[in-house]
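Good morning, and thank you for coming. I would ask you to look at the sequence and the model on the screen while I go through a few parts of the fold.

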Amino acid sequence: MKTSHVWVRFLLSASCAIAIGACGGGGSGGGGPLGATSGLSEAASAQKPAQKASLNAPNPSSAGQALGNSDAGSQTDSLVDSSGHYINLNLFAAGEDAELDRIRAWVKGRPDAGGIAYKAALYLEGDAGPQLLSSSDRTVARASGWLDLPLANRVSVRKGGAYWLAIWSGDAAAGIGADGSGTAGGLRWTKQDFGSAWPAQLTRTDGQGNLRYAIHGLKAGTAPPQEPPTEPPVSDPARGWNITTANVGLAGVGLTCDQLPAYTGSLKPASGAVLSGVRIAGPLDLSNGNILVEKSCIRPDRLGEHHDYIVTTTTCRDGTCTATQAGNVVIRDSDIDTAHLAASAVAKSCAFLGVGTLERNLIQGMGSGICFFETGAVHSARAERNYVRGLRAFGNPATTGSHNEAATIRDFSDAPGRTAVFLNNRLDCSTANDTGALFIQPTWLPIHNVRIEGNLLEGGGYNLYLERTANASYGNLDALDNRFRPTTDWYPVAVVSGPGFANWRDNHRYDASKPDGKGDALNP
């Protein structure tokens, strides 16, 4: 079942789920997607009149728009769920005779090197189902907003003709702007792996709805917009307050822990190792560096020898611990879960201990989450779009019990180009022994060059805690556009000692009823 902006789209009944035209205007049943084609189809000269029952109302407010909708909308609709990738199509009538050379859509982006890849296509409504006229190559969005997707061939459309504008992605974070002004059957979707080619004809549908997408076809030669695009009045989907258990970790890439094969390699992988799509049943020592762990489940049956580690990049010998020399450790799109182990065993353990890059992981069941500790003096540290939740405490924190944090930095020395970044995470510390969601304390060595941006910090204790110690201080720390959701009456942020934040801007209590979750502004 494909999910949407409201997380559930209902499947068609069996009687009308076979042919894309069977529940809203003609079409033949039968087979799956066919091979791809590109260029102008002869079908363009035999266009089918628009079927008004399924037609979405146009909104031709954008210069050069010949068909479609140029309103960014007030919500976003997902294109991928745990069951697979979907081609999503909206039906419009052309407002004039025109020659199109590209499709423009308001889509979600991601500000990293890979961005979010999309493809678009134009289909002609036909008796046997939508027929491909032309399509785009992959185009990457690194920011949310309007994205132009050039067509491989120019396409002639005729006034009053019915055309499907299609959008497609294989990224779990992909989405498109939408509003509720569509008509029944004017939105349809077909499951199709993003790595395949566009079907020449769509003879099958897997569902339909009534959203009208922020997508339109542009006449050849239309200049790019001269003013900034209008964004829908919703939160940036990349921000931490939009993270759920469904859009990070294994669920975010359509996997579960139990379906993965068991990992049989070394729990201290060699430099250069790639662990992908496996279930790991022991503590991982990644200190050899240059290691990638992705789309995997780390569910250890025991803890590591030093610091009771679950995953570490630190090496300890004869009471002395050192950071990885090689660095370049990446863990992404994975689950780290110790909920099956006793709280007394894991309450003082970190899910990750050391220095590395963690992206889009679901982390739960241990005492503390992401611990940038024993980071050395060379490598940067980065945590982006992770969800830390379900932490567990044990004992009396005033004596020998645990102190729990969703994330912490305990040392990070200054060096040219070196940074520690917490970007767009959801960090929830809700145990009986909460220190805070993000706890920054230079316990033995100084901490420098830290950026905290776009996170949802929630739970007990202080959501964000900063202090110097008798051993070391800190400097050059920025906190930008974060949201705080304390579950106690403690103030959300505490700067106990030291120079404080170098930059503190646009930080608010989280209020789901307000645009972008901006409740009352906070000051340290």
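The model is a predicted one: local features need pLDDT of at least 70, side-chain atom pairs count only at pLDDT 80 or more, and totals for chains, interfaces and linings use all residues. Residues are numbered from 1 along each chain as its sequence is written, and side-chain values use heavy atoms, with hydrogens and water left out.

Strand β5 covers residues 98–107 and is joined by nine bridges to β9 (residues 145–157), the two running antiparallel. Strands here are DSSP runs of E, at least two residues long, and helices are runs of H or I, at least four residues long, both numbered from the N terminus. Two strands count as paired if DSSP finds at least two bridges between them. β5 also pairs with β15 (residues 215–219), in the antiparallel sense over five bridges. In that pairing, Ala105 has Ile215 as its bridge partner.

How many of the 10 residues of β5 are buried? Nine are, so the strand is largely enclosed by the rest of the structure. Buried means under 20% relative accessible area, exposed over 50%, and partly exposed in between, with a 1.4 Å probe and protein chains only.

Strand β2 (residues 75–78) is covered on both faces: Gln75 and Asp77 on one side, and Thr76 and Ser78 on the other, are all buried. β2 pairs with β11 (residues 175–179) in the antiparallel sense over four bridges, and Gln75 stands opposite Ala178 there.

For the protein as a whole, the secondary structure comes to two helices and 44 strands. Of its 524 residues, 57% are buried.

I turn now to the sheets. β16 runs parallel to β19 (residues 291–294), with three bridges between them, and Leu275 stands opposite Val293.

Another open sheet has 10 strands with mixed pairing, in the order β17-β20-β25-β28-β31-β34-β37-β40-β43-β44. Its edge strands, β17 (279–280) and β44 (518–521), each pair on one side only. Within this sheet, β37 (residues 456–459) and β40 (residues 483–486) run parallel and are joined by four bridges; Gly459 stands opposite Pro486.

Glu374 lies in the loop between β29 and β30 (381–384). Its C-alpha atom is separated by 6.3 Å from that of Thr322, 52 residues apart along the chain. Leaving aside neighbours within four places in sequence, Glu374 is in contact (heavy atoms within 4.5 Å) with Thr314, Cys321, Ala323, Gly354 and Asp411.

Finally, which residues lie nearest the centre of the second largest pocket? They are Lys348, Cys350, His403, Glu405 and Arg410, out of a lining of 19 residues. A pocket is an open set of points on a 1 Å grid over the protein atoms alone, where a 1.4 Å probe fits, with protein on both sides within 12 Å along at least five of seven lines; lining residues have an atom within 4 Å of a point. The elements giving two or more residues to this lining are β26 (350–354), β29 (368–372), β32 (404–409) and β35 (434–440).
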